[in-house]
Amino acid sequence: MEQLWAEDAATAEGRVLHETVDAGGRESRPAVTLARGLALRSLALGVTGKADAVEFRGKPPRPFPVEYKRGKPKAHRADEVQLCAQAICLEEMFGTAVPEGALFYGEPRRRTAVIFDAALRALTADVAVATRATLASRTTPSPKRMPACRRCSLETLCQPARLEKPPAVARWPGGELMRRLRNTVYVTSEGAWLRKDGANLVVEVEGAERGRVPLHMLEGVVTFGRPGASPALMVACAENGIALSFLDPNGRFLARVEGPRTGNVLLRRAQFAAAGDSARSAVIVRGIVAAKAANQRTVLRRAMRDHSDSLQPDALAMLAAAEARLTDIIRRTLKVTDVDGLRGIEGEAAATYFAVFPVLIRLDDLAFRFGGRSRRPPLDRINALLSFLYAMLGHDCRAALESHGLDPQVGFLHADKPGRASLALDLMEELRPVLADRLALSLVNRRQLAADDFVMEVTGGVRLTDEARGRVLVAWQERKRDELRHPFLDEAMPFGLVAHAQAQMLARHLRGDLDGYPAFVWK
């Protein structure tokens, strides 16, 4: 109903199995004409679709539908209903009876005959009526857990077990992996060329193959500078929901290749309605602002806990004062009822946090002096590193929102602006201190980056060198693999999946499955 899709090894095998079938066309064999990818419709059932293959047998020719399946015959009758619906479509279209068809299963590699008797036809009609009623209700049914869920690629998106006893967000103060963490390929070589080879992404530099990754293992592809990509690869990424983004060497967004919009338009309508309702928006924004301030406070608390012996008394006093002020800000968010007031509080929290950010930089090197946030362009090395990491986080947050059917352009905290992914920026706010700021501090304090890893441009801007950018991306991927226990869901997951968990819970809240949006609070 929401047009969402997730690829795994099983669905990839099924897609390859259907490639010949879906190509369409006709071929003749003795006494049989075979039509592949035949478009179907039935006014009686109110359905349209496409048949894998239809054999026309005898004189006059009588249709015989054949549906291809990857696995084994199943205990339920869903496959038979699908085939019967095709038969009813063919009967209407060709004005002739279609008494039987066949299901071809890839595992036993043989056909299973299906007789379209009265009972199966009645079941098919009932399913069509029930499906139309569900669509007319404009509400996504709540998922129900069953044994087959473990083998379903969509299980990571619908998470039926999570809604059996949904936790109450109203009580939120501020297992298993939610889904498999797929890879993001970062391409930094200027002369790189990306192409599709079968079901793989291939990266070439100066004609030599430098890497190969199966498409179904990819979450996204991010290129820096001027690498090129073949049209076939761009189409494959669009069809498989793989985010293909083009950034400049500083990490500034340039362009993005995407396919048809995924997600139920009804979910997006709910998102737009909530964004236009100041009272509903304020509730969501309050959680985001409070969570961001709480996570900034946790960064300061960890610094005081881990480095109290090496910090000067005045530095410790500054951190303690900032920590106390952030605590007060978190309390005050609970009393603010309008979005503009919450934006002001978010700005106050950011100013408090970044005022003591230099204390967190323990490297005694003037090259890494931090004079406050600056961007477009960043004016010092710390800001250049932060801006680059924020760009990576923004890419991941946008991909997470789109994978759960939300529109990344329409946010709650950030006002609408042409070309700005406001909701992605909203989602980033909770995660900036945890993922980006902590990683930037670690890279500098551990001397994994040096002053000459940055380029000082004549315009006054600062950017990472190509070689340093590659090291930062490796550290970014490693950080995303670090595991934590999600404080609200009480599930173990890597950091890289937190954005997906938050996007899913926001979608669930907008649908009405959760009584509020539980923003991410790092503990």
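Predicted model: local features only at pLDDT ≥ 70, side-chain atom pairs only at ≥ 80, totals over all residues.
**Entry 1: helix α8**

The expected span of a helix is 1.5 Å times one less than its number of residues. Helix α8 runs over residues 313-333, which makes 21 residues. From first C-alpha to last, α8 reaches 30 Å, close to the 30 Å expected at 1.5 Å a residue.

Next I asked myself which residues of α8 are buried. My list reads A315, L319, A322, E323, L326, T327, I329, I330 and T333. They sit on the same side of α8, because they cover an arc of only 160 degrees around the axis. Looking at the other side of α8, I found P313, D314 and R331 exposed.

What do the buried residues of α8 pack against? I noted three partners: α7 (278-307), α9 and α10 (357-360).

**Entry 2: the annotated binding site**

Then I went to the record. An unreviewed UniProt entry carries the annotation "binding site" on E346, H414 and E429. These residues are spread over 84 residues of sequence, yet they cluster in space, with a largest C-alpha distance of 11.1 Å.

**Entry 3: E346**

I placed E346 in helix α9, residues 339-355.

Is E346 buried or exposed? Its relative accessibility is 17%, and buried means under 20%, so E346 counts as buried. Leaving aside neighbours within four places in sequence, I see E346 in contact with V289, K292 and E429.

**Entry 4: E429**

For E429 I moved to helix α12, residues 422-445. E429 has a relative accessible area of 4% and is therefore buried.

Which residues does E429 contact, leaving aside neighbours within four places in sequence? I wrote down I288, K292, E346, L413 and H414. Two of these names, E346 and H414, I already had from the UniProt annotation. K292 also turned up among the contacts of E346.

**Entry 5: the whole protein**

Of the 523 residues in the protein, 52% are buried. The accessible surface comes to about 24,800 Å², and carbon and sulfur atoms account for 54% of that surface.

Conventions: Residues numbered from 1 in each chain as written. Heavy atoms only, no water. UniProt positions renumbered as here; feature names shortened; annotations may be inferred. Helix = DSSP H or I, 4+ residues; strand = E, 2+ residues; numbered from the N terminus. Buried < 20%, exposed > 50% of the residue type's maximum accessible area, 1.4 Å probe, protein only. Contact = heavy atoms within 4.5 Å. Areas by Shrake-Rupley, 256 points an atom, 1.4 Å probe, with all protein chains shown as cover. Arc of directions from axis to C-beta.
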